[in-house]
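I opened my notebook and went through one structure, feature by feature. These are the entries.

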Amino acid sequence: MALEAGLLEILACPACHSPLDDRSAADSPELVCMGDDCGLAYPVRDGIPVLLVDEARRPA
């Protein structure tokens, strides 16, 4: 289930304030930071983005 376009426009990475890439249509839905030095992946649970740095997956 993809997030609303309007919501995605106002969301930003809480760590670096860069835009987020919507990958919520995947098997493990998440929003991935587009920042060059960041790249954190925030989970989307039940259609709700969890924008907590402690919950984010670090880039590989």
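**The cysteine pair**

I looked at Cys33 and found its sulfur 3.4 Å from the closest cysteine sulfur, that of Cys16, which is too far for a bond. A disulfide here is a pair of cysteine sulfur atoms within 2.5 Å. By this rule I count zero disulfides. Cys16 is in no disulfide, and its nearest cysteine sulfur, that of Cys33, is 3.4 Å away.

I noted the basis of my entries next. The model is predicted, so local features need pLDDT of at least 70 and side-chain atom pairs count only at pLDDT 80 or more, while totals for chains, interfaces and linings use all residues. Residues are numbered from 1 along each chain as its sequence is written, and side-chain values use heavy atoms, with hydrogens and water left out.

Is Cys33 buried or exposed? Cys33 is buried, because its relative accessible area is 4%. The terms work like this: buried means under 20% relative accessible area, exposed means over 50%, and partly exposed lies in between (1.4 Å probe, protein chains only). Cys16 has 31% relative accessibility, so Cys16 counts as partly exposed.

**The overall plan**

I listed the helices and strands. They are DSSP runs, numbered from the N terminus: helices are H or I with at least four residues, and strands are E with at least two. The protein has one helix and four strands. Along the sequence I read the pattern α-β-β-β-β.

Then I checked the size. The radius of gyration is taken over C-alpha atoms, and the globule rule is 2.2 Å times the number of residues to the power 0.38. For 60 residues, a compact globule would have a radius near 10 Å; the protein has 10 Å, so the two agree. Its C-alpha atoms fill a box of roughly 30 × 20 × 15 Å along the principal axes.

How much of the protein is buried? Buried residues make up 35% of the 60 residues. The accessible surface comes to about 4000 Å², and 51% of that belongs to carbon and sulfur atoms. These areas come from the Shrake-Rupley method with a 1.4 Å probe; for residues, only the protein chains shown count as cover.

I also looked up contacts, meaning heavy atoms within 4.5 Å. Among contacts between residues at least 6 apart in sequence, 19% join residues at least 24 apart.

**The loop between α1 and β1**

Cys13 lies in it. Cys13 is buried, because its relative accessible area is 1%. Which residues does Cys13 touch, not counting those up to four places away in sequence? They are Ser18, Leu20, Cys33, Cys38 and Tyr42. I also took a distance: Cys13 and Gly39 are 26 residues apart in sequence and 9.1 Å apart in space, C-alpha to C-alpha.

Ser18 also sits in the loop between α1 (5-10) and β1 (20-23). Ser18 counts as buried because its relative accessibility is 16%. Leaving aside neighbours within four places in sequence, Ser18 contacts Ala12, Cys13, Cys33, Met34 and Gly35.

His17 is in the loop between α1 and β1 too. His17 is exposed, because its relative accessible area is 63%. Its phi is positive, about 70°, although His17 is not a glycine.

**Further along the chain**

I found another positive phi at Asp46, near 55°, again in a residue other than glycine. Asp46 is in the loop between β3 (41-45) and β4 (48-49). With a relative accessible area of 76%, Asp46 is exposed.

Ala26 has its place in the loop between β1 and β2. Ala26 is partly exposed, with a relative accessible area of 43%. The C-alpha atoms of Ala26 and Pro43 are 11 Å apart, and the two residues are 17 apart along the chain.

**A buried glutamate**

Where is Glu30 found? Glu30 is in strand β2 (residues 30-33). Glu30 counts as buried because its relative accessibility is 13%. Not counting residues up to four places away in sequence, Glu30 touches several residues, including Asp21, Asp22, Arg23, Tyr42 and Arg57.

I ended with the charges. Lys and Arg count as positive, Asp and Glu as negative; His and the chain ends are not counted. The place of a charge is NZ of Lys, CZ of Arg, CG of Asp or CD of Glu. The mean positions of the 4 positive and 11 negative charges are 7 Å apart.
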